[in-house]
Amino acid sequence: MEFMKYGIIGTGAIGGFYGAKLARSGQDVHFLLHSDYDEVCQHGLQIDSCDGSFHLDHVNAYWQTSDMPVCDVVLVSLKTVNNHLLSTLLPPLLGPDTLVVMIQNGIGVEPDVQQMFPDVQFVAGVAFICSSKTGPGRVSHQCNGSINLASYSCRDEKRMQQLVADFQAAGINTHCVEYYEARWKKSVWNMPFNGMTVVLNTSTDLLLKNPSTRSLIRDLMMEVIGAAQHLGVHNIDASFAEKMLVSTDAMVPYSPSMKLDYDHHRPMEIDYLYTRPIAEARKAGYPMPKLEMLETELRFLAAQY
């Protein structure tokens, strides 16, 4: 197979990590940067990783997408609150067969961007990773790092297979999965932990060490699982909640992305992480009362700044 050209929109904790891994493996990767542009141009990109740190001396860095080449694959790792920017950011990178991988959290992301770009092929990228941006041109990868890829509107099976193969060749644990199953399974972790770390001003490990909050986290997970089942999602039941609890026990103490956004007074991704899945569940006749309360608390906190 020929090498594919990759574009990264959102060179932060997620896009920076996966893009750097692909570039280190020999892929042709092009990074969109803003605040880090000068630093990365001069000094490259540093990945501090639990799996082995590395540095990219030369980075194909760009200030604007209009200067970037047309790409075979575009990885979008912007926060969903910035998806309105895609109407101007994406078009310069798109060819007739470009795959756009939305490495974002929440429910309803792909349907909304598909409306913006009806003819584009979209793939969901569901990442299981603890990473954060710790400085200009510097990403800290603390644990995990796998990513599941799920077709939303991909018409090119061979390109999808090559995408998975490229990620695997870069040392990234990657699998193809069913779209709705992937999105809702990630929500089983995202919806309890993102919001709870914000409203209780804590981290994942402390939530699970306390018997009361551990029980609440499990209840929230079961609301997500119940919603998914009512919506017809397969391969998701109470055993998956237990799996998520055990895997989080094994993680380093972690502040999810929403907690970091709240701490820095940045907009929180409440719409796709809470409002949208709660509304989808309600349409299916399944209420999510505890998560509705959590959403209300998050909206209150967001209004304070």
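## Basis of the model

The structure is a predicted model, in which local features need pLDDT of at least 70 and side-chain atom pairs count only at pLDDT 80 or more, while totals for chains, interfaces and linings use all residues. Residues are numbered from 1 along each chain as its sequence is written, and side-chain values use heavy atoms, with hydrogens and water left out.

## Nonpolar cores

A nonpolar core is a set of buried Ala, Val, Leu, Ile, Met, Phe, Trp, Tyr and Cys residues joined through side-chain atoms within 4.5 Å. Buried means under 20% relative accessible area, exposed means over 50%, and partly exposed lies in between (1.4 Å probe, protein chains only). In soluble globular proteins, nonpolar side chains tend to be buried together.

The largest nonpolar core here has 40 residues. Y274, M288 and L291 have the most contacts inside it. Six helices each supply at least two residues of this core: α6 (179-199), α7 (204-209), α8 (211-230), α9 (238-249), α11 (270-283) and α12 (289-303). Helices (H or I, at least four residues) and strands (E, at least two) are DSSP runs, numbered from the N terminus.

M288 shows how the parts meet. Contact means heavy atoms within 4.5 Å. Leaving aside neighbours within four places in sequence, M288 is in contact with M191, E223, V224, A227, P277, I278 and A281.

Strand β7 spans residues 99-102, and both of its faces are covered. L99 and V101 are buried on one side. V100 and M102 are buried on the other.

β7 has parallel partners. Two strands pair if DSSP finds at least two bridges between them. Strand β6 (residues 73-76) pairs with β7 in the parallel sense over four bridges. V76 stands opposite M102 there. Strand β8 (residues 121-135) also pairs with β7 in the parallel sense over four bridges. In that pairing, M102 stands opposite A124.

N83 sits in the loop between β6 and α3 (86-89). N83 is buried, because its relative accessible area is 6%. Not counting residues up to four places away in sequence, N83 touches M102, Q104, V109, V113 and M116.

## Cysteines

A disulfide is a covalent bond between the sulfur atoms of two cysteines. The rule used here asks for a pair of cysteine sulfur atoms within 2.5 Å. By this rule the count is zero. For C71, the nearest cysteine sulfur is that of C154, 16 Å away. C71 is buried, at 2% relative accessibility. For C176, the nearest cysteine sulfur is again that of C154, at 8.6 Å. C176 is partly exposed, with a relative accessible area of 47%.

C143 lies in strand β9 (residues 138-151). C143 counts as buried, at 12% relative accessibility. Not counting residues up to four places away in sequence, C143 touches C50, I129, C130, M251 and V252. The C-alpha atoms of C143 and Y254 are separated by 9.7 Å, though the two residues are 111 apart along the chain.

## Salt bridges

A salt bridge is a side-chain nitrogen of Lys or Arg within 4 Å of a carboxyl oxygen of Asp or Glu. The structure holds 18 of them. One joins R214 and D249 (2.8 Å, N to O). This pair links helix α8, which holds R214, to helix α9, which holds D249, across 35 residues. R214 is partly exposed at 27% relative accessibility, and D249 is partly exposed at 41%.

Another joins K290 and D219 (3.0 Å, N to O). K290 is in helix α12 and D219 is in helix α8, 71 residues apart. K290 is partly exposed, with a relative accessible area of 38%. D219 is partly exposed at 29%.

A third example is local. D263 and K259 meet in a salt bridge (2.9 Å, N to O). They are four residues apart in helix α10 (residues 257-263), so about one helical turn separates them. D263 is partly exposed at 39%, whereas K259 is buried at 6%. Salt bridges that share partners also join K79, D261 and R266 into one network.
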